[in-house]
Amino acid sequence: MWLIMAVLSAVFAGLTSILAKCGIQKTDSDVATAIRTFVVLLFSVLMTFLVGSFRDIGAISAKSLLFLVLSGLATGASWICYFKALSLGDVNKVVPIDKSSTVLTVLLAILLLQETNHLVIKLVGTALLAVGIFLMVEKKQTDKVEEKGRWRLYAVLSAVFAAATSILAKIGIENVESNLGTAVRTLVVLCMAWIIVFAKGKQSQVKTLDKRELVFILLSGLATGASWLCYYYAIQNGVVSVVVPIDKLSILVSIAFSYFVFREKLTKKAALGLCLMVLGTLGMAIFA
């Protein structure tokens with residue numbers, strides 16, 4: 001069941017990238033992130049009521065709460081960097097770098113969580129992922145001078161924070177129902193996102209949002225909520241070093257939609273990189 005949930009997480013995460021990209025053509029990425037997070041929170045809280053876990057919120061231990069909060073802060077930082085990168089660069093270039101968090105997450109899971117089953121397969125798969133990512137983030141001559149390097153920096157930071165998120169969340173939801181844990185984390189992300197919006201004086205932009213982009217932002221929030229609920233169920237019940245790579249296969253969905261929606265094409269080199277990423281991920285999933 002956790003493998004199925006990991007796959008569903010990947011599908012919804014892939015949709016999130018495309019819907020979010022459509023929603024930040026004119027809209028500031030920080031404002032969009034804050035609005036999306038509000039939708040995710042409503043979605044996750046609703047799920048806690050449906051499964052009956054909301055009443056257990058008072059029973060969360062101090063340790064679990066601490067790691068859930070830390071995970072939420074890492075997620076918020078990852079989101080802010082990720083959507084800033086999306087607003088500056090192409091989906092085909094930003095997403096692969098963001099997915100490089102998989103490499104760091106697998107290594108951390110092996111070292112910190114002692115997930116050493118099929119260690120050789122995991123290391124080989126991780127190496128294939130790393131090579132694939134390197135091939136996919138090739139530099140293009142069409143990069144605008146003012147954007148050169150900026151989207152890469154934000155994408156790399158997004159990956160680092162995303163890797164921290166997975167490890168912290170695994171510890172935080174050890175004895176907490178996954179939907180409830182997701183709701184707690186999302187509340188932290190929401191507070192962080194709106195603090196940044198107000199700190200930068202961007203709150204007035206909420207009133208002037210393009211209606212079409214607002215629809216895409218809301219849809220991306222729903223897709224994110226669905227992805228999170230599936231992902232943290234899989235994290236709680238499965239193996240982190242396997243769940244994370246499967247979740248990162250969302251890149252297939254993102255790239256497919258980016259081709260049809262934004263006409264962003266892959267070079268042969270990038271296509272080879274994508275194949276290596278998929279091969280490495282499938283290898284780890286099959287031998288889970």
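A polar contact is a pair of N or O atoms within 3.5 Å; within protein, one atom must be able to donate a hydrogen and the other to accept it, and residues adjacent in sequence count only if both atoms are side-chain atoms. Keep that in mind for the first view. This is a predicted model, where local features need pLDDT of at least 70 and side-chain atom pairs count only at pLDDT 80 or more, while totals for chains, interfaces and linings use all residues. Residues are numbered from 1 along each chain as its sequence is written, and side-chain values use heavy atoms, with hydrogens and water left out.

View 1. You'll find K202 in the loop between α8 (178-199) and α9 (211-237); helices here are DSSP runs of H or I with at least four residues, numbered from the N terminus. K202 counts as buried because its relative accessibility is 13% (buried means under 20% relative accessible area, with a 1.4 Å probe and protein chains only). Its side chain makes a polar contact with the side chain of D28, at 3.0 Å. Leaving aside residues up to four places away in sequence, K202 touches D28, D30, V31 and V197 (touching, or contact, means heavy atoms within 4.5 Å).

**View 2. Helix α2 beside α8.** Helix α2 covers residues 29-51, and it packs against α8 at about 160° with the axes 8 Å apart (axes are lines fitted to C-alpha atoms over the stretch in contact, and angles run from 0 to 180 degrees between N-to-C directions). So α2 and α8 are roughly antiparallel, the word for angles over 145 degrees. By class, their contact has 18 nonpolar, seven polar and one charged residues (Ala, Val, Leu, Ile, Met, Phe, Trp, Tyr, Cys and Pro count as nonpolar, Asp, Glu, Lys and Arg as charged, and the others, Gly among them, as polar).

**View 3. T186 in α8.** T186 sits in helix α8. With 0% relative accessibility, T186 counts as buried. Again skipping residues up to four places away in sequence, T186 touches T37, V40, L41, S44 and W228.

**View 4. Helix α2 meeting α3.** The axes of α2 and helix α3 (residues 62-88) come within 9 Å and cross at roughly 130°. Where do the two helices meet? S29, D30, T33, R36, T37 and V40 in α2 meet W79, I80, F83, K84 and S87 in α3. By class, this contact has four nonpolar, four polar and three charged residues.

Note on methods
Buried means under 20% relative accessible area, exposed over 50%, partly exposed in between (1.4 Å probe, protein chains only). Angles under 35 degrees count as roughly parallel, over 145 as roughly antiparallel, 65 to 115 as roughly perpendicular and the rest as oblique.
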